[in-house]
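Please look over the model shown here. The paragraphs that follow go through its charged pairs, its aromatic rings and some of its helices and strands.

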Amino acid sequence: MNWFEEKYGPWAVVTGASQGIGAEFCERLALAGINLVLVARDSGALDTLAKKLSTHNIQCRAVALDLSQPEAIALLAKQTQGLDIGLLVASAGFGSIGTLIDSDLDNECGMVAVNCSAVLAQCHFFGKRFATQRRGGIILLSSIVAFQGVPGSANYAATKAYVQSLAE
């Protein structure tokens, strides 16, 4: 057992796993010998990533979920039941560009759902689990725009400010 597994346990959940920073976290955790629950919307990309990461002699469970949906966290809880998870990397998120009044309201509300509500629900669910286990960690990904409003990205900056405050 390596120090990472000893501190956090043998499994980690990574949301936004199929690309970008989330995929990089998956690669690094796999290199550390941590089994992964990969969460993103694109099941094909998740399956490809799981196959690639399995070459590191770890187990991967691909969970295709749209975190903007209210039932997503309950589904994630069901998919992770029985796994000794000790780390959550909440990397899923997205932004928009342009003036708020010209944007699509459904898209902006979806951004709040993914970047804020889903992060809160994940922290609440896994935080309780980690407290009961008396070990675990949560990594939340924010942005430099969290520290001030940004013209053309007002709602995105606001969602990242929420994540920053929650993390602190």
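E24 counts as partly exposed because its relative accessibility is 40%, where buried means under 20% relative accessible area, exposed over 50%, and partly exposed in between (1.4 Å probe, protein chains only). The model is predicted: local features need pLDDT of at least 70, side-chain atom pairs count only at pLDDT 80 or more, and totals for chains, interfaces and linings use all residues. Residues are numbered from 1 along each chain as its sequence is written, and side-chain values use heavy atoms, with hydrogens and water left out.

E24 forms a salt bridge with R28, and the closest N and O atoms are 2.7 Å apart. A salt bridge here is a side-chain nitrogen of Lys or Arg within 4 Å of a carboxyl oxygen of Asp or Glu. R28 is exposed, since its relative accessibility is 54%. Both residues lie in helix α2 (residues 20-31), 4 residues apart, about one turn of the helix. Helices (H or I, at least four residues) and strands (E, at least two) are DSSP runs, numbered from the N terminus. An α-helix has 3.6 residues a turn, so residues three or four places apart point the same way.

How many salt bridges does the structure hold? There are 3 salt bridges. Another of them joins the side chains of E27 and K52, at 3.5 Å from N to O. E27 lies in helix α2 and K52 in helix α3 (residues 43-53), so this pair ties together parts that are 25 residues apart in sequence. E27 is buried, because its relative accessible area is 17%. Leaving aside neighbours within four places in sequence, E27 is in contact with K52, L53 and H56, contact meaning heavy atoms within 4.5 Å.

R135 and D84 also meet through their side chains in a salt bridge, at 2.5 Å from N to O. R135 is in the loop between α5 and β5, and D84 is in the loop between α4 (72-80) and β4 (85-90), so the pair ties together parts that are 51 residues apart in sequence. R135 is partly exposed, as its relative accessible area is 23%. D84 also counts as partly exposed, at 32% relative accessibility.

The aromatic rings come next. A pair of aromatic rings is described by the distance of the centres and the angle of the planes. Rings of Phe, Tyr and Trp (its six-membered ring) pair if their centres lie within 6.5 Å; planes under 30 degrees apart count as stacked, over 60 as edge-to-face and the rest as tilted. By this rule the count is 4 aromatic pairs. In one of them, W3 and F4 have ring centres 5.3 Å apart and planes at 70 degrees, so the pair is edge-to-face. Are these two residues buried or exposed? W3 counts as exposed because its relative accessibility is 61%, whereas F4 counts as buried because its value is 15%. In another pair, the ring centres of F126 and F130 are 6.1 Å apart and the planes are at 35 degrees, so the pair is tilted. F126 and F130 both lie in helix α5, 4 residues apart, about one turn of the helix, and both are buried. W3 and F4 also belong with Y8 to one aromatic cluster.

Helix α6 covers residues 154-167 and includes Y162. The helix has 14 residues and reaches 20 Å from its first C-alpha to its last, close to the 20 Å expected at 1.5 Å a residue; the expected span is 1.5 Å times one less than the number of residues. Which residues of α6 are buried? They are N155, A157, T159, K160, V163 and Q164. These buried residues pack against α5 (105-133) and β5 (137-140). Y162, in contrast, counts as partly exposed because its relative accessibility is 30%.

Strand β1 (residues 11-15) contains V14. V14 is buried, because its relative accessible area is 0%. Not counting residues up to four places away in sequence, V14 touches G22, F25, C26, L29, L36, V37, L38, V39 and V89. The C-alpha atoms of V14 and E168 are separated by 20 Å, and the two residues are 154 residues apart along the chain.
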